Amino acid sequence: MGAHPVTSTSSSAAYRNLITATVGFALTFWAWNLIAPLAGQFAENVGISSFAQSLMVAVPVLVGSLGRIPAGALTDRYGARLMFPAVTALTIVPVLLLTVVKDSFAGLLIVGFFLGLGGTTFAIGIPLVNSWFPPARRGLALGVFGMGMGGVALSGYFTPRIYKHGENLPFLVVAIALAAFAVIGALLITDHPDRTIPTTSLGKRLAQAGELRVTWELSALYAIGFGGVVAFGVYLPTYLKTWYELSPTDAGTKAAGFALVTVIFRPIGGSLSDRIHPAVVTAWALGVVALFAVFQAFDPGLYPVGTICLLVMAAGLGTTSGSVFALVSQVTPQPRVGSVTGIVGAVGGLGGFVPPIVMGAIYSAKDSYAIGYMLLAMLALAGCVYSFGRMRTAGTSPESAENQAALSSSAG
């Protein structure tokens, strides 16, 4: 399943859905990341420690990651046409609540929990885009959709600048943008007419997806790739401000530049995966990340060595994010893409939850970030070796073929 014939009509619908979903993904990711660019200001207002600040920016990441599991499975059942506008509209509520709780640490943690809803749209868009594009073009299409994670860059650049003109203004701007997209998404997003609607229960579908070995292998790789992107996105402003003593605005701008590079390289990773095995692309990308993480662990000056290290790591992590989901589309039956995407996306997001807390704790204890970067280097190297040694044959073994056949037969 999943290899649909492409007519001119279906092709135009495919690109319409791809563009609409990418825009929605970017906006909800901006909402998801609203706290991080202002974390320094919030921390000063409420007087919290570096560790508490790390926890504050990590809570939306945790919830947005875990929420992808039911969001992906519900998308398999109800379709993206219903799920995308609904989740976007619901995200408006915690965004507006930030205007009320911005001077309360407990309030920021509670609202941050519900703000995590914005991070679940990833698991809604992937099965939508996957269903509209044939395998030969799917890697690039999924990479383009993944550019919506540039919402983190939008937030890093624009949120602190808008905040200067009014403490509530960035939240009001994002709420209005989300409301506009909820309407546009309801009008423009359409599910593929050949979409298979599963009849089994949510729990059973998640269990079936969880039984596949490749689901957890992909999850581990995505935790390194996309988890690294998210971790840098939420913690890089704090790192630059603390270690390199940049102003909040300058730190946010440079963090946005990092996020922009990850956005650019995500479709490159997907496109390369259409031509080269995605496991090979993943291995090379993670190898590069490991090398430059070691360089950064030695605390080079920001100009030019530190900047080069951070940007090259951004390119490697962005490429990995694109190539891993190209691999998902190769080894997952179409009716199960949402469920598998939910699990992989959740674990990937969780990969972004832990590092900010670890980095904050390490800095509080050792007054250095070197240990954190060495841990990243070791994880990336492990992913590189595993991708090249194992994942090139994933989905081709008799066991994998039997698993896919079983999943396909139970889809209806």
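**Close-up 1. Contacts of Phe 232 in the predicted model.** Phe 232 touches Pro 237, Phe 258, Leu 310, Met 313, Leu 317, Tyr 373 and Leu 376, with neighbours up to four places away in sequence left aside. Phe 232 is also among the residues with the most contacts inside the largest nonpolar core. That core has 113 residues. Val 95, Leu 98, Leu 240, Met 313 and Tyr 373 share this listing with Phe 232. Helix 12 supplies 14 residues, the most given to this core. In soluble globular proteins, nonpolar side chains tend to be buried together.

**Close-up 2. Phe 84 in helix 5.** Phe 84 is buried, because its relative accessibility is 0%, and the cut-off for burial is under 20%. Leaving out residues up to four places away in sequence, Phe 84 contacts Ala 21, Gly 24, Phe 25, Thr 121, Ile 124, Gly 125, Phe 181 and Ile 189. Gly 185 stands 101 residues from Phe 84 in sequence. In space, the C-alpha atoms of Phe 84 and Gly 185 are 7.0 Å apart.

**Close-up 3. Thr 88 in helix 5.** Helix 5 spans residues 80–101. Thr 88 is buried, with a relative accessible area of 0%. Beyond four places in sequence, Thr 88 meets Thr 28, Leu 178, Phe 181 and Ala 182. Phe 181 is likewise listed among the contacts of Phe 84.

**Close-up 4. Packing of helix 8 with helix 13.** Helix 8 covers residues 135–146, and helix 13 covers residues 248–275. Their axes lie 7 Å apart, at an angle of about 170 degrees. Angles over 145 degrees count as roughly antiparallel, so helix 8 and helix 13 are roughly antiparallel to each other. From helix 8, the contact takes in Pro 135, Ala 136, Arg 137, Arg 138, Gly 139, Leu 140, Gly 143, Val 144 and Gly 146. From helix 13 come Arg 266, Pro 267, Gly 270, Ser 271 and Asp 274. By class, this contact holds five nonpolar, five polar and four charged residues.

**Close-up 5. Glu 245, a residue with positive phi.** Phi of Glu 245 is near 55 degrees, and Glu 245 is not a glycine. Glu 245 sits in the loop between helix 12 (213–243) and helix 13. Its relative accessible area is 69%, so Glu 245 is exposed.

**Close-up 6. Asp 367, a residue with positive phi.** Here too the residue is other than glycine, with phi near 55 degrees. The loop that holds Asp 367 runs between helix 16 (337–366) and helix 17 (370–389). Asp 367 is partly exposed, with a relative accessible area of 48%.

**Close-up 7. The cis peptide bond from Tyr 303 to Pro 304.** Omega of this bond is near -5 degrees. Pro 304 belongs to helix 15, which spans residues 302–331.

**Close-up 8. Cys 309 and Cys 384, neither in a disulfide.** A search of the whole structure finds zero disulfides. For Cys 309, the nearest cysteine sulfur is that of Cys 384, 18 Å away. A disulfide needs sulfur atoms within 2.5 Å, so Cys 309 is in no disulfide. Cys 309 is buried, with a relative accessible area of 2%. Cys 384 has Cys 309 as its nearest cysteine by sulfur position, also at 18 Å. Cys 384 counts as buried too, at 18% relative accessibility.

Conventions: Residues numbered from 1 in each chain as written. Predicted model: local features only at pLDDT ≥ 70, side-chain atom pairs only at ≥ 80, totals over all residues. Heavy atoms only, no water. Axes fitted to C-alpha atoms, helices over the stretch in contact; angles between N-to-C directions. Helix = DSSP H or I, 4+ residues; strand = E, 2+ residues; numbered from the N terminus. Parallel < 35°, antiparallel > 145°, perpendicular 65-115°, else oblique. Contact = heavy atoms within 4.5 Å. Nonpolar A, V, L, I, M, F, W, Y, C, P; charged D, E, K, R; others polar. Buried < 20%, exposed > 50% of the residue type's maximum accessible area, 1.4 Å probe, protein only. Core = buried A, V, L, I, M, F, W, Y, C linked by side-chain atoms within 4.5 Å.
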